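Here are some notes for a first look at this entry. Please read them with the structure open.

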Amino acid sequence: MLRSKTQVKSVTDTSSSILGEGVARATPAPIATRIRGISDRAMAWLFIAPTIVLLLAVNIFPLIWAVYLSFTNFRANRPNAPIEGVGLSNYSRVLNDPNIWQAMQTTAHFVFWTILLQTLIGFSLAYLIDRKFRGHALWTTIILVPMMLSPAVVGNFWRFLYQPQIGLFNYIVSFVTGIPPSSFEMLGSVPLSPWAIIIVDTWMWTPYVMLICLAGLRSIPDYIYEAAEVDRASLWRQFWSITLPMALPFIMLAVLFRGIENFKMFDMVTLLTGGGPGSTTEVASITLKREAFESWRTGRASAFAIILFVAVFGLANIYVKALNKVKQR
Amino acid sequence: MQTIKQALLGATSALVLFTAAPSLAKADELTLCWAAWDPANALVELSKDFTTHSGTAMKFEFVPWPNFADRILNELNSGGKLCDLLIGDSQWLGGSAENGYYVKLNDFFDKEGIKMSDFADAAVNAYATWPKGTPNYWALPAMGDANAWFYRKDWFAKPEIQSEFKQKYARDLAAPATWDELKQVAEFFNGREIDGKKVYGAAIFTERASEGITMGATGALYPYGFKYENTPGKYDMEGAVNSPDAVAGLEAYKALYKCCTPPGYTDAYMGESLDAFKSGQVAMAMNWFAFFPGLYKDEKVGGDKIGFFVNPKEKVAASTLGGQGISVVANTDNMQGALAYIKWFAQPDVQKKWWSLGGYAVHKAVLTDPTFTESQPFAADFLVAMNQVQDFWQEPSYAILLQAMQKRLHDYVVADKGTAKEALDGLVKDWTEVFKDDGKL
């Protein structure tokens, strides 16, 4: 239970008066002064040191090591083979590999459509929920459910839904369009399989975008709308001139988070299609995993990972700068 | 402060004991790693005799097939100590021998009087030797296996189906002997209604991630005349891998996939094939011999309802090799125990019991026993198959070679990209790059 400031003050006053001045002088001074020889600054470092060590060990060191490996012929499944420097050869081979460009194209397609759909649907849902209609809290909870599930559960669950003979999805499509349910395969068909993954990702992560957009919409002060109404601005005008510009930084933030996440999407694609049929849905992360842990070309895989890292880092930085500009407006 | 010191001391001791405990237990304990499938259960049963005989407790680490290679190769590459004994795929031999993951067993075999001539030649060649075919032994043949077929004997025997088939194809409906016949029979059954249910022609392997489509498609490629090299050991693949015969074989596999597999059969391997057959969806299915004892015992589709046949031939008779040898992991802390297991396992009596429990022994004492071919309805086919097996590359770079083939085949067969010739030409290109990287070309 939180005490009010007045309550706290009265308790302190009471103890001072009971214990006398001498005790009052011993009231906690800064912790550091009690431990001889350790300054506040040293104490601060002591507290953050474990985190920094952990960060260096699990993030920074592997990154530097990967950069080093990317210039070598190292293969993790041949520990006894001599490691030789190969210069930029790994980078050159990665950048000239049509399979890798195909995977990048697949990733870009996937990222573009998932972000577009999730932003449109997420913002629309947030806009509706923000109207505060009757039962909106219940609907908010229901909408959030997919986001709370594990990707492994979602992947397996949708695999069954997409099953051409017993899957509910095909039966619903059949009911609506009249196409026989077993005449099409969402996961096994070249044109449909990318969309099968986009549908699942949109189903799962639209609530996340909705939540961020809802936070944006709720942050707009009511008096702005009241002023607009006084100026007889139409609802449409209010939306374009107030709602959208003021919620835009939040929308952009949601796009950034989803963009980074989907760029490295792995679990859902692996569970749904494993990159197939053929290589139709083989996104960059799956290609990278195959290169690193199935083909064991560690040097080349490291080069690919560094290229991906630089691409995501670069794009994210450009995007954050744009986001800051929008926020300053 | 004293309490804190005591607590720290206690925690440290517990930690030391906890970490030391596995190594202490190792002295009279062995861990055997293998894939999680029917024969593994038989091996657990068999190994109880070893424990009785030696006093060594057996632990087992069985990994599901789709993750088997990833999990175990990671273990070997990282110098892990999980496995003392490993029943690993034949393709791993080259890498494991050259990287020092397996113990070379020649001296041990000589010392203990274990003769490789006591085992089937094809099995020794495939499961034990590296370089392939040389007398350098890295494993003891443990589990013979090949890709073969099973069918609904009860459906084939229905008089109305028999007569309709004869009318259509002017021959009796029987287990197919060639790939042409296989396609005919599959087409005949595909879409037919049997016992009030729509059925399909055949369940074949189309899995993309691990090795499925390669193991399935080579079942067509080998009989049509596919070869890895023009001259063995020369890596001259142009004209062998992409020969007109190989192209015809790949086209035949795709034709079978397109005409006669159940809907949604785009990423199917062992489990899916068994499911399709057991659920009465397909007339025929391909799978490894290892599953046949279980299928024969199945209450719904086993017994009189099931028949077996060896992989159909076309230009030549050939089957895709499965199966594994048992190796001693060089990193083991219990070398003597592991070698003792190998010695025990190599005994003819143990091999006979192994076969009786459902394991595919390849010891000649088992295979040449006069009662062998009658011992199981698929035993005769197993003997035929083991005499015509062909295996994938066993090179240290086998994983890269396999991934390339998986991609090329799946792109062509399932995703309809390009032609069979283009797929195999692409494969030659991929494999050439790998062998150039390895300094073999």
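**Notes on the chain B sheet and chain A spans**

1. Start with one residue pair: B:Leu32 stands opposite B:Leu85 in β3(B). This is a predicted model. The strands involved are β1 (residues 29-35) of chain B and β3(B), which pair in the parallel sense over two bridges.

2. β3(B) also pairs with strand β12 (residues 324-328) of chain B. Here the strands run antiparallel, joined by five bridges. B:Gly88 has B:Gly325 in β12(B) as its bridge partner.

3. Now take β1(B) and β2(B). Seven bridges link them in the parallel sense.

4. The whole sheet is open and has five strands, in the order β2-β1-β3-β12-β4 (chain B), with mixed pairing. β2 (57-63) and β4 (140-143) of chain B are the edge strands, each pairing on one side only. From one strand to the next, the twist averages 30°.

5. Helix α2 (residues 38-54) of chain B lies across β1, β2 and β4 of chain B, at about 170° to β2(B). Helix α14 (residues 335-345) of chain B touches β1, β3, β4 and β12 of chain B, and its direction makes about 145° with that of β12(B).

6. Turn to chain A. The unreviewed UniProt entry places "transmembrane region" features there, including residues 44-68 and 110-129. Residues 44-68 of chain A are 100% helix, with end C-alpha atoms 33 Å apart. Residues 110-129 of chain A are also 100% helix, with end C-alpha atoms 27 Å apart.

Notes: Residues numbered from 1 in each chain as written. Chains lettered and ligands numbered in written order. Predicted model: local features only at pLDDT ≥ 70, side-chain atom pairs only at ≥ 80, totals over all residues. UniProt positions renumbered as here; feature names shortened; annotations may be inferred. Helix = DSSP H or I, 4+ residues; strand = E, 2+ residues; numbered from the N terminus. Pairing = 2+ DSSP bridges. Axes fitted to C-alpha atoms, helices over the stretch in contact; angles between N-to-C directions. Contact = placed C-beta atoms within 7 Å.
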